Amino acid sequence: MLRVLVSLIVSEIVVSEGEYRLLRLMAEKGFSRGSLGDASRLLGVDRSSLASLFMLLRDKGVVRVQEEVRILCSLTDRGLYALSRGLPEEVLVDYLSSKGGTASVAEVAGALGDYASIALGQARKKGLIEIMGGSVRLVRDPLVARGIIRPLRDALEACYKLGSMEPDLFRELKERGLTEEVKERELVVELVEDPASLLERVRVEASRLTSRMLKDGSWRMYRFRAYNVDAEPPRVQAARLHFLQEFIEVVRDVMKELGFKEVRGPIVELELFNFDMLFQAQDHPAREIHDSLWVKAEPPDVVKLYGDLVERVARVHEAGWRYKWNPAIASKLMLRSQTTAVSARTLTLKPRPPIRFFTLGRVYRHDVVDASHLPEFHQLDGIEGDYSYSFRNLLGTLREICGRLGLEVKFKPGYFPFTEPSVEGYVRLPNGRWLELFGAGLLRPEVLEMAGVDYPVGAWGFGIERLAAAYYGISDIRVLYTGDVEYIRGFRVKV
């Protein structure tokens, strides 16, 4: 008795409800062996669902699954064209028949176009025509000629509809570039035994007990899946901004809280605003290729676009730098190398004081990537001014911005072409090292004269990536652009 019980346990096959339904369907439809495509058509189940169920049944020893490779025929683009228009020799026979059986080579070329040379060659090879003295003559009755061509025509249609044809005809059409071989991989499934006998041995494993099972007593034929009460629920990752973008929004909020209005400008900029308006001489080293990136495009005429501004820029440059200013250089297009270009554009609008503007966007330079440099990065640029504005007011604003971001700042005298006096700003990193963060200063009188502004203006530019590194305590700004998704998800944002 014990031996019989053990035998029954060993022979029992546990399947899921989906697998059981498939086995029942196969038994009803009489399917025991065939391709995945045949099974899909006969059973009315889509191929992807069938493939996954068959693989599960294979692992349980219920079915055998093998991959078979079939060589099929496929039409090339030329073959599809020949199928729609007709084979070249077929078109030639129809044309000669319409001309009474004879036409000149020139007439054939004009009527058949790029088909002409292939049609003449194939028709002559099949003994359908002869060419003498510049004339082409049909030497077979048109019906006989079409009958000679018909097997090839039928082969093209068979290749298109069925993917197969007679080997000799396929070889000829392949040599003519009308057909090609295509390998098709197909799964072939075979039950290890009769479906009806399999169904007697299967035991369905259900994931839940329903009221229907209790009412009709069908619960007796099921085995119920054990639940792991220690299992953790699925981890759902909530959507969030990248921590660098979150920091950029923090900076925007700080600037707006201090009363600054955000302005924007183009990424593809004129040298006029990127350099000339900032009193940077046209032979300045920063304009060389190792720093700036130019755009290959037809430059606009800055004289026509900004007539009065160009006159002031030319006058100030020639008086201050003592050289002949060239409007063609100022017209060149480039990827902006500093968001100060946006500040320059803003000042040319001659805003009424007091003014407080900032811009935050990407800039581009030909830099080598390292722990503190990137060729493409974000920059915060700000300007503020009034008739009583002073250098002390500028330092106070810069200290306030850094303070609101929780950063310790110190100042050091500096030099920039468009500010005087100028200052460099440094912030302390968690490792104690000081990182250069910004340059600032009062705009030179020459810049204000070119813009047409008659009150003092302070300006500064922050590298956002460096600022973010100091804010988050990161020593290498390349970490801000890491591709490690888990690192990004686990990054704790400072609030």
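Helices, of at least four residues, are DSSP runs, numbered from the N terminus. The model is predicted. The exercises below work through it.

**Exercise 1. Find the helix that holds Glu400 and Arg404, and say how the two side chains meet.**

Step 1. Glu400 and Arg404 both lie in helix H19. They are 4 residues apart, about one turn of the helix.

Step 2. Their side chains meet in a salt bridge, 2.8 Å from N to O.

Step 3. Glu400 has 35%, so it is partly exposed. Arg404 has 40%, so it is partly exposed too.

Step 4. Elsewhere, salt bridges that share partners join Glu89, Lys126, Glu172 and Arg176 into one network.

**Exercise 2. Describe the salt bridge of Arg24 with Glu28, then that of Glu249 with Arg252.**

Step 1. Take Arg24 and Glu28. Their closest N and O atoms are 4.0 Å apart. Both residues belong to helix H2, residues 17-29, and stand 4 residues apart.

Step 2. Arg24 is partly exposed at 37% relative accessibility, whereas Glu28 is exposed at 56%.

Step 3. Take Glu249 and Arg252. Their N to O distance is 3.1 Å. Both sit in helix H13, 3 residues apart.

Step 4. Check again. Glu249 is partly exposed at 30%. Arg252 is buried at 13%.

Step 5. A search of the whole structure finds 30 salt bridges.

**Exercise 3. Locate the disulfide and state its handedness.**

Step 1. Count. The structure holds 1 disulfide.

Step 2. Name the partners. Cys73 is joined to Cys159, with an S to S distance of 2.0 Å.

Step 3. Cys73 lies in strand E3 (residues 63-75) and Cys159 in helix H9 (residues 142-162), so the bond ties together parts 86 residues apart in sequence.

Step 4. Read the torsion. About the S-S bond of Cys73 and Cys159 it is about -95°, so the disulfide is left-handed.

Step 5. Judge burial. Buried means under 20% relative accessible area. Cys73, at 9%, is buried. Cys159, at 3%, is buried as well.

**Exercise 4. Decide whether helix H21 is enclosed or open, and list what its buried residues pack against.**

Step 1. Look at burial. In helix H21 (residues 464-472), 9 of the 9 residues are buried, so the helix is largely enclosed by the rest of the structure.

Step 2. Find the neighbours. The buried residues of H21 pack against helix H13 and strands E14, E15, E17, E18 and E19.

Step 3. Look past the end. Just after H21, Gly473 takes a positive phi of about 75°.

Step 4. Turn to the core. The largest nonpolar core has 45 residues. Those with the most contacts inside it are Phe247, Trp460, Phe462, Ile464 and Leu467. Elements giving two or more residues to this core include H13, H19 and H21.

Step 5. Apart from it lies another core, of 33 residues, with Leu270, Met277, Ala330 and Val453 among them.

Definitions and conventions: Residues are numbered from 1 along each chain as its sequence is written. This is a predicted model: local features need pLDDT of at least 70, side-chain atom pairs count only at pLDDT 80 or more; totals for chains, interfaces and linings use all residues. Side-chain values use heavy atoms; hydrogens and water are left out. A disulfide is a pair of cysteine sulfur atoms within 2.5 Å. Buried means under 20% relative accessible area, exposed over 50%, partly exposed in between (1.4 Å probe, protein chains only). Contact means heavy atoms within 4.5 Å. A nonpolar core is a set of buried Ala, Val, Leu, Ile, Met, Phe, Trp, Tyr and Cys residues joined through side-chain atoms within 4.5 Å.
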